[in-house]
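Hi,

Here is the structure I promised to pass on.

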Amino acid sequence: MITRKPLPTPHIVCFGEAEALSEVLPLYANSHQSGAYVSNPSKRTRISVVTDDTDFIDDFIFVRKELIENSFRRVVDLRGEIPQVRLYKPLYYGKRPDFVGTEWEFVIGKISSDAVQAKMRLWASDPDRQLTVYLGFDNPDRNRNYAEILRRRLGSKPAIDIRDDDRSAKNAMRKEFTEMAKYVNYVYNLSFAKRGVPNELPQNEVDEAWEKVTDDTARNSNLFNVMSIEQKMLLLGHNRNDWANFYALSADEIEFLTAIEHNRWVVERLMQGNRPCTDEERTEIEEDMRRRLTDSAYREAHPVSLKKKYKLERGAHFDLCSFDELGVDESGLPVTRYDRDIIAAIPLIVKTFNDRNNG
């Protein structure tokens, strides 16, 4: 049973150069999902990007179009004496339940701006906000100096992440993520085959299943899932010190993290270029699914479902919707079973990784 006090809302404020921001923003959007958003849709994770590189902002919005246009976002221009603010609502605002748990703020300005620093002080003092500051400038000394200044002025509450260009460290992290991604893929395959959550992760079977994944999008999807595990555990009060122990998640914890995982997956898919189905496409898919479940002749005449067809041919994913809107798949079973199985397997995944690499 989850009895913790109300969860704070994650807020990540990013400063730095275009190269570093391009690399880190998708990672924050993927991993830092708001636990509070599950029960209160107004408690979305906020990502604030502060830069005077307007070309970067324009390019990021262009490249991540599907994510940005389905999110709450605003652009704040601090270059003049009076700040200029442009507000944007999600594409389906007012028509469908909110389904993107991340909002964006693009601030045209500098870290030294009085307005930016005033906001930083306000955010750092907010007890309902989990503030993280990312410093991604090209000069390492500049990053370290700014980190010291921010700690002195804002106190110890904000977490401060500094750009790390250590290639060996990145390769080690990539190796760790890849190993656990193999476990996630293995669990997903069992879930897809309706075999439930395993009690062990046989290395030979895990490796064999991973070798069969030749699509980069599918491999990256497993990697993105793994990148969020540590944050999910933190939401339940666990950290890496628990990885050596096999602790079982309660039914309430699984349900809670299943909603978190769906919210994360929505962001992942939008970043990969998928889009939500239009109202017309949703109606067509719902009718196709109904007939496939009740009419064997129709199913034989249409071996490929519209849900799969629209996803492959149009990039329109039917499950890009709120957690409460999720229904059944083509077999008539709840779509959420995949996420539930992955969540239930987290203790096994992290313990197995710890035993094989740190034991």
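**What lines the cavity**

The lining of the largest cavity is made up of two nonpolar, five polar and two charged residues (Ala, Val, Leu, Ile, Met, Phe, Trp, Tyr, Cys and Pro count as nonpolar, Asp, Glu, Lys and Arg as charged, and the others, Gly among them, as polar). Before you read on: this is a predicted model, where local features need pLDDT of at least 70 and side-chain atom pairs count only at pLDDT 80 or more, while totals for chains, interfaces and linings use all residues. Residues are numbered from 1 along each chain as its sequence is written, and side-chain values use heavy atoms, with hydrogens and water left out.

Back to the cavity (on a 1 Å grid over the protein atoms alone, a set of points where a 1.4 Å probe fits but cannot get out; lining residues have an atom within 4 Å of a point). The search of the whole structure turned up one cavity of 30 Å³ or more. The largest cavity holds about 40 Å³ of space, with volume taken as the space filled by probe spheres set on the points, which are joined across faces, edges and corners. Its lining consists of N30, S31, Q33, S228, Q231, K232, L235, I260 and R264. At least two lining residues each come from α1 (18-31), α9 (229-235) and α10 (251-271), and α9 gives the largest share, three residues. Helices (H or I, at least four residues) and strands (E, at least two) are DSSP runs, numbered from the N terminus.

**The sheet**

There is an open sheet of seven strands with mixed pairing, in the order β4-β3-β5-β2-β1-β6-β7. At its edges sit β4 (84-88) and β7 (159-162), each pairing on one side only (pairing needs at least two DSSP bridges between two strands). β3 and β4 run antiparallel and are joined by five bridges; R73 has Y88 in β4 as its bridge partner.

S71 sits in the loop between α3 (65-69) and β3 (73-77). Is S71 buried or exposed? S71 is buried, because its relative accessible area is 0% (buried means under 20%, exposed over 50%, partly exposed in between, with a 1.4 Å probe and protein chains only). Not counting residues up to four places away in sequence, S71 touches Y88, K89, P90, V100, T102 and W104, a contact being heavy atoms within 4.5 Å.

A344 belongs to helix α14 (residues 337-344) and is partly exposed, at 28% relative accessibility.

Cheers

Notes
On a 1 Å grid over the protein atoms alone, a cavity is a set of points where a 1.4 Å probe fits but cannot get out, and a pocket is an open set with protein on both sides within 12 Å along at least five of seven lines; lining residues have an atom within 4 Å of a point.
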